[in-house]
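Here is a short briefing on one protein chain. Look over the sequence and the model first, then work through the points below.

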Amino acid sequence: MAIVKEPKGVDFVVKSDPWTEKELEEFRKLMKKQKSELGEKKRSKIKENFKKVSKQPA
C-alpha cells in the first residue's frame, strides 16, 4: 500500500464525536432493516466476495 499525499487545502484527518445511544439505536434499526430486505442469496454472495477480498495481500 502506498502513501497518499494530501492535496493542497484537503485534510484527510477526520475527528468525529462518539455516537449517542439514540444514534446507535437508529443505526442498528437501519442495518437490521436493510439486512432483512437483502435476502439470503444476496447476503451469501456478499460474504463470498468479502472472503475473496480479505484473503488478498495488502
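Predicted model: local features only at pLDDT ≥ 70, side-chain atom pairs only at ≥ 80, totals over all residues.

A search of the whole structure turns up one aromatic pair. The chain has two helices and zero strands.

**The aromatic pair and its surroundings**

- Is Trp19 buried, partly exposed or exposed? Trp19 counts as partly exposed because its relative accessibility is 47%.
- Phe27 is partly exposed too, at 36% relative accessibility.
- Trp19 and Phe27 also belong to a nonpolar patch on the surface, together with Leu30 and Met31.
- Leu30 sits in helix H1. With 41% relative accessibility, Leu30 counts as partly exposed.

**Helix H1**

- Helix H1 runs over residues 21-38.
- H1 has 18 residues. From its first C-alpha to its last, H1 reaches 26 Å, close to the 26 Å expected at 1.5 Å a residue.
- Leu24 is another residue of H1. Its relative accessibility is 23%, so Leu24 counts as partly exposed.
- How far apart are the C-alpha atoms of Leu24 and Gly9? They are separated by 32 Å, with the two residues 15 apart along the chain.
- Gly39 follows H1. The phi of Gly39 is positive, near 95 degrees.

**Salt bridges**

- How many salt bridges does the count give? The count comes to four. Three of them are described here, starting with Glu25 and Lys29.
- Side chains of opposite charge can pair when their charged atoms come close.
- Glu25 forms a salt bridge with Lys29, and their closest N and O atoms are 3.5 Å apart.
- Why are Glu25 and Lys29 separated by about one helical turn? They are four residues apart in helix H1, which means about one turn lies between them.
- An α-helix has 3.6 residues a turn, so residues three or four places apart point the same way.
- Glu25 counts as partly exposed because its relative accessibility is 45%. Lys29, at 55%, counts as exposed.
- Glu37 forms a salt bridge with Lys33, with the closest N and O atoms 4.0 Å apart.
- Glu37 and Lys33 are both in H1, again four residues apart, about one turn of the helix.
- Glu37 is exposed, with a relative accessible area of 55%.
- Glu40 and Arg43 join their side chains in a salt bridge, at 3.3 Å from N to O.
- This pair lies in helix H2. Glu40 and Arg43 are three residues apart, so about one helical turn separates them.
- Glu40 counts as exposed, at 53% relative accessibility. Arg43 counts as partly exposed, at 26%.

**Helix H2**

- Helix H2 covers residues 40-55.
- H2 has 16 residues, so at 1.5 Å a residue it should span 22 Å. Its end C-alpha atoms are 23 Å apart, which agrees.
- How many of the 16 residues of H2 are buried? The count is zero, and H2 is hardly covered.
- Val53 belongs to H2. Val53 counts as exposed because its relative accessibility is 54%.
- Val53 and Gly9 are 44 residues apart in sequence. From C-alpha to C-alpha, 33 Å separates Val53 from Gly9.

**The whole chain**

- What radius of gyration does the chain have? The chain has 18 Å, but a compact globule of 58 residues would be near 10 Å.
- Along the principal axes, the C-alpha atoms fill a box of roughly 45 × 35 × 15 Å.
- Buried residues make up 0% of the 58 residues.
- The chain exposes about 6500 Å². Carbon and sulfur atoms supply 59% of that area.

How values were computed
Residues numbered from 1 in each chain as written. Heavy atoms only, no water. Patch = residues over 30% accessible without salt bridge, like charges linked within 9 Å, V, L, I, M, F, W, Y side chains within 5 Å. Areas by Shrake-Rupley, 256 points an atom, 1.4 Å probe, with all protein chains shown as cover. Buried < 20%, exposed > 50% of the residue type's maximum accessible area, 1.4 Å probe, protein only. Expected span 1.5 Å × (residues − 1). Phe/Tyr/Trp six-rings, centres within 6.5 Å; stacked < 30°, edge-to-face > 60°. Rg over C-alpha atoms; globule rule 2.2 N^0.38 Å.
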